Amino acid sequence: MNTFEYAPAPESAALVDIKSQYGLFINGKFVAPKAGKTFTTINPANEEVLAKIAYAELADVNLAVTAARNAFTKTWSKMPGAERGKYLFRIARILQERSREFAVLETLDNGKPIRETRDTDIPLAAAHFFYHAGWADKLSYAGQGDNPKPYGVAAQIIPWNFPMLMLAWKIAPALATGNTVVLKPAETTPLTALLFAEVCQQAGLPAGVVNIVTGDGATGSHLVNHPGVDKVAFTGSTGVGKAIAKAIAGTKKSATLELGGKGANIVYDDAPIDEAVEGIVSGIFFNQGQVCCAGSRLLVQENIEDELLEKLKKRISLIRVGNPMDKNTDLGAINSSAQLARIKELADSGDIEGAQRWSPNCVLPSSGFWYPPTIFTGVSQSHRIAREEIFGPVLSVLTFRTPGEAIEKANNSPYGLSAGIWSDKGSRILWTAKKLRAGVIWANTFNKFDPASPFGGYKESGWGREGGRHGLAGYLKGDN
Amino acid sequence: MRIDVMKTYKLFINGNFPRSESGRVYEILDSKGKFLANPCNGSRKDLRESVVAARNAHNGWSSATAFNRGQVLYRVAEIMQGRIDQFVAEIVAQEGATPASAKIQVQSAIDTWVWYAGWCDKIDSISGSTNPVSGPFYNFSIPESLGVVAIFADSKPSLLNLVSALAPVIATGNTAILIASEKQPLCAITLAECLATSDVPAGVVNVLTGSIDQFVTWVGSHMEIDGVDATGLSKKDLVEIKELGSENLKRVHSFNEAKSTKRMASFMETKTVWHTVGI
């Protein structure tokens with residue numbers, strides 16, 4: 001059979017104007033950090049420097065929290081919900097207008113394919129603002145009493161895997177419920193948050209309602225421990241989440257935590273195989289597998305293992321790895337050299353512990369951070385690659401014989417964020433969904449997100465939900 | 001003159017009434033300083049055994065129908081109704097309350113069971129939702145029990161606080177380890193005797209007596225305890241249990257109100273299910 005090569009179809013980087021240097025966004029203005037320290041953010045697909053970023057220290061965090069407090073007491077908490085909502089609607093619309101710019105910037109800074117930022121990250125971020133805008137004057141219907149109150153100042157720390165989408169998940173509900181915000185984007189992906197600051201200016205959002213401080217873990221720690229903060233919202237690793245829970249134990253701060261996962265994707269022998277293969281691929285290779293809810297453990301019924309693996313390998317061989325700015329790219333760059341090292345170390349443990357590795361033939365670019373799509377078969381539950389979150393394009397394949405065994409293996413994890421079920425039998429799907437200890441369950445689909453749909457984990461995958469009516473609870477007093 | 005038969009107050013673990021495996025007891029006095037009883041000074045091993053019992057009981061209790069759980073909770077109220085005099089005597093002795101106010105407390109406790117009995121098959125309708133997502137999916141969120149919850153209830157009024165904490169926890173399918181008030185534990189043990197005779201399956205509720213300070217450390221660091229109702233803890237103990245509990249991200253909550261849907265919802269997890277729609 002003849003194969004047709006794809007011609008390059010790169011999106012234009014000229015769509016976005018990246019400044020050489022960015023300040024901190026405090027009280028409605030970009031300001032230089034007090035100590036004048038900066039760090040750089042690079043494009044992980046080619047390691048080129050994109051911009052110099054301000055490094056916020058305690059003095060800067062103090063200013064941001066003070067600005068948020070003033071905005072809360074003087075403006076935002078006094079404003080009727082309907083008016084707050086209008087600002088959120090404005091932000092949603094501006095994000096839609098400028099969506100291509102955001103998509104390009106996100107791809108350059110994060111390394112994920114333009115197809116994903118264009119079709120998923122940015123449209124969902126805008127949708128999140130639109131959804132929550134409508135809640136701002138309807139909070140008495142949120143299930144938190146007739147007259148629910150905001151906490152005050154929310155400290156929000158987000159990860160690098162979905163920079164703009166996580167920003168929206170954090171800021172939209174916080175503002176809709178009447179809180180003000182100090183947000184710290186991830187060290188390696190600050191650019192879209194700083195572009196979002198411009199959107200806040202364009203929307204005329206009152207100064208201090210949204211503040212953005214850039215930096216590293218130390219900056220985040222100053223923010224979490226700041227006595228002027230009432231609410232902490234964090235998305236990231238379970239290790240840091242536990243440290244935050246401990247740090248705020250002696251305070252009145254409330255926390256929402258969205259942490260790690262080791263999602264089981266269960267394929268029964270009556271599943272529609274071709275659809276399941278697509279779901280397995282999107283479950284583990286979406287965003288290079290750098291997804292807390294990734295379907296990183298494939299649990300396949302033993303009698304269809306060979307058939308499924310054959311089709312899966314064929315499908316994985318068609319994945320296009322390379323330039324994230326190319327519209328045909330499926331798998332982009334790993335976000336950082338540190339993350340790549342982590343993926344390599346864990347995947348190598350799969351070899352050492354006796355699992356069988358398979359990757360398609362694919363040529364990886366010479367610069368930047370890359371990892372090929374990889375599956376391990378013959379994985380047992382005790383292997384590190386079956387227990388630990390890899391956060392990369394690495395799938396561990398395990399088998400089961402009975403539905404009971406599938407449940408036991410799926411639930412055998414301190415995590416409980418997501419799971420997938422593939423079957424043609426409705427009663428089996430609902431039975432399985434009921435038995436799984438996970439906060440988000442996808443039946444005959446995977447990795448779907450929506451602002452109306454609550455997201456969050458059981459067990460050590462976190463505290464609270466984000467999205468939907470349930471997500472509002474984390475930002476309204478009385479919820480605890 | 002007839003000499004009264006004094007009661008031996010024991011622990012309640014997995015449906016049985018053992019003494020502490022440690023063999024330890026401690027003395028409690030009534031409100032006038034007179035000897036009242038020698039309840040067990042529960043050990044870490046007693047707690048561990050309670051957690052095993054609660055964990056094993058969770059699957060059955062949480063998958064019982066909500067209607068069934070409601071009937072079991074109602075049955076607890078029925079059994080307590082017949083024991084009003086005993087509870088009143090204990091409350092009077094321990095709290096120094098008047099018989100009249102003690103009786104009101106017991107009646108309120110019984111009514112609290114009735115209130116939560118009626119909630120078992122309704123809380124899901126209140127806390128759950130269907131979610132209008134953009135796409136061909138049926139998407140719904142349902143609340144589920146958290147798992148094993150440890151309870152430190154406020155000591156006064158001793159019985160009402162126990163029931164106000166315990167009923168919402170088990171109404172939603174959780175199993176519980178009730179740590180009795182250190183100085184006023186009698187109602188907790190008598191409550192256990194009611195639970196043992198009212199269709200509550202073994203292990204669903206376990207009752208321990210002893211040193212609160214020790215239990216705080218042991219409960220906080222136990223990795224199989226999912227949640228804590230810390231309403232009865234001092235500020236210092238609350239901080240300790242939250243710090244220790246961060247290791248497995250325990251859900252630790254304290255409450256002001258005796259009866260609320262929040263007391264139930266706080267120990268539930270929301271599960272959201274997406275299903276494709278199509279032909």
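Good morning. In chain A, the centres of domain 1 and domain 2, taken over C-alpha atoms, are separated by 30 Å. The model is a predicted one, in which local features need pLDDT of at least 70 and side-chain atom pairs count only at pLDDT 80 or more, while totals for chains, interfaces and linings use all residues. Residues are numbered from 1 along each chain as its sequence is written, and chains are lettered from A and ligands numbered from 1 in the order in which they are written.

Let me begin with the domains. Domain 1 of chain A covers 13-259 + 459-475, and domain 2 covers 264-443; such bounds come from an automatic or database domain assignment. The contact between them takes 21 residues from domain 1 of chain A and 25 residues from domain 2 of chain A. Here, two residues are in contact if their C-beta atoms, placed from the backbone, lie within 7 Å. On the domain 1 side, the elements that give two or more residues are helix H3 (99-110) and helix H4 (114-135) of chain A. H4(A) supplies the largest share of that side, three residues. Helices (H or I, at least four residues) and strands (E, at least two) are DSSP runs, numbered from the N terminus.

A residue is buried if 20 or more other C-beta atoms lie within 10 Å of its own, exposed if 12 or fewer, and partly exposed in between, with C-beta atoms placed from the backbone. In soluble globular proteins, nonpolar side chains tend to be buried together.

Leaving aside neighbours within four places in sequence, A:Leu167 is in contact with A:Ala125, A:Ile158, A:Leu183, A:Pro185, A:Ala193 and A:Phe196.

Next, consider strand E7 (residues 180-184) of chain A. Are its residues buried or exposed? Five of its five residues are buried. From E7(A), A:Thr180, A:Val182 and A:Lys184 point one way, and A:Val181 and A:Leu183 point the other way. Strand E6 (residues 153-157) of chain A pairs with E7(A) in the parallel sense over five bridges; two strands pair if DSSP finds at least two bridges between them. The bridge partner of A:Ala154 in E7(A) is A:Val181. From E6(A) the chain crosses through H5(A) to E7(A), a right-handed β-α-β crossover. Right-handed means that, with the strands pointing away from the viewer, the path from the first strand over the helix to the second runs clockwise. E7(A) also pairs in the parallel sense, over three bridges, with strand E8 (residues 210-212) of chain A. There, A:Leu183 has A:Ile212 as its bridge partner. Helix H6 (residues 191-202) of chain A, with E7(A) and E8(A), makes a right-handed β-α-β unit.

We come to the meeting of the chains. Chain A has 28 residues in contact with 27 residues of chain B. The largest share of the chain A side, four residues, comes from E17(A). An open sheet of ten strands, with mixed pairing, runs E13(A)-E14(A)-E15(A)-E12(A)-E11(A)-E16(A)-E17(A)-E10(B)-E4(B)-E3(B). Strand E13 (356-358) of chain A and strand E3 (129-130) of chain B stand at the edges, each with a single partner strand, so one side of each is left without a neighbour in the sheet. Within the sheet, strand E16 (residues 418-422) and strand E17 (residues 440-443) of chain A run parallel, joined by four bridges, and A:Gly420 stands opposite A:Trp442 in E17(A).

Finally, chain B has an open sheet of five strands, in the order E7-E6-E5-E8-E9, with parallel pairing. Its edge strands are E7 (205-208) and E9 (251-253) of chain B. Strand E6 (residues 175-179) of chain B is joined to E7(B) by four bridges, and B:Ala176 has B:Val205 as its bridge partner in E7(B). Thank you.
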